Amino acid sequence: MTLTFLCDVDGVLADFLGGICGVLKERGYPDIRRERVVRWDIASCLDVPSKVIYDIAGCEGFCECLEVLPGAVALVDTLRHHGDVYFVTSPVWSARTWMFERTRWLREYFDVKPSEVVHTSAKHLVRGDVLIDDKPETINQWLLAQPGTDPYPARGVVWDQPYNRNPPWAEGVRGRVHRVRNWDQTEEVIQSMIKQRHG
Ligand SMILES: [Mg+2]
């Protein structure tokens with residue numbers, strides 16, 4: 001049986017935070033450093049109005065210019081080696097060209113087919129065996145909605161970032177969540193799943 005992996009894009013493959021910081025620096029905002037972003041809310045961490053962040057992300061060309069995060073190519077290679085990979089990504093709804101740019105970006109850097117991209121913020125509706133995401137709230141919601149393939153439970157993989165540590169995990173989710181920092185820790189999670197499936 002083939003495993004189905006759902007892979008988030010921003011904060012896992014694409015450097016959304018780096019893109020925001022780059023534009024803020026260009027615009028002369030003081031003390032813009034990614035190390036200051038230790039909570040989910042970028043605006044409050046950097047003392048910038050939320051509207052400014054939304055406006056930057058909503059600009060045509062922003063999404064397509066994002067850099068690939070270190071280790072992202074190795075992560076996708078690892079997932080592809082073990083199963084089918086779908087890229088489940090929540091769009092910036094105010095950006096007219098976001099979904100087009102995101103699909104093209106995935107094709108350019110990861111050779112992804114458009115049919116492998118799911119643009120949605122309702123990730124809990126997407127079926128899979130493993131969700132790799134940097135947003136604990138999304139993993140919570142997804143694990144509660146996705147039991148996995150009987151008798152083995154679906155797993156959530158939190159892509160470690162300074163802004164996603166120590167989240168409040170939902171009841172019944174803890175044992176199914178793994179925190180990883182790189183592709184080889186992801187490989188360990190997959191191996192443990194395979195072992196469990198095959199005894
Ligand atoms: Mg993300």
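A residue counts as buried if 20 or more other C-beta atoms lie within 10 Å of its own. The legends below use that cut-off for a predicted model.

**View 1. Strand S5 is covered on both faces.** S5 spans residues 155-159. Five of its five residues are buried, and the strand is mostly covered. In a regular strand the side chains alternate between the two faces of the sheet. One side of S5 carries Arg155, Val157 and Trp159.

**View 2. Strand S4 runs parallel to S5.** S4 covers residues 130-133. Four bridges join S4 to S5. Within this pairing, isoleucine 132 stands opposite valine 157 of S5.

**View 3. Strand S6 pairs with S5 in the parallel sense.** S6 comprises residues 177-180. Its pairing with S5 runs over four bridges. Valine 158 has arginine 179 in S6 as its bridge partner.

**View 4. Isoleucine 56 in helix H3.** H3 spans residues 50-57. Isoleucine 56 has 19 other C-beta atoms within 10 Å, so the residue is partly exposed. Leaving aside residues up to four places away in sequence, isoleucine 56 touches Ile20, Val23 and Phe62.

**View 5. Isoleucine 56 and aspartate 8.** The two residues are 48 residues apart in sequence. In space, their C-alpha atoms are 21 Å apart.

How values were computed: Residues numbered from 1 in each chain as written. Predicted model: local features only at pLDDT ≥ 70, side-chain atom pairs only at ≥ 80, totals over all residues. Buried ≥ 20, exposed ≤ 12 C-beta atoms within 10 Å, placed from the backbone. Helix = DSSP H or I, 4+ residues; strand = E, 2+ residues; numbered from the N terminus. Pairing = 2+ DSSP bridges. Contact = placed C-beta atoms within 7 Å.
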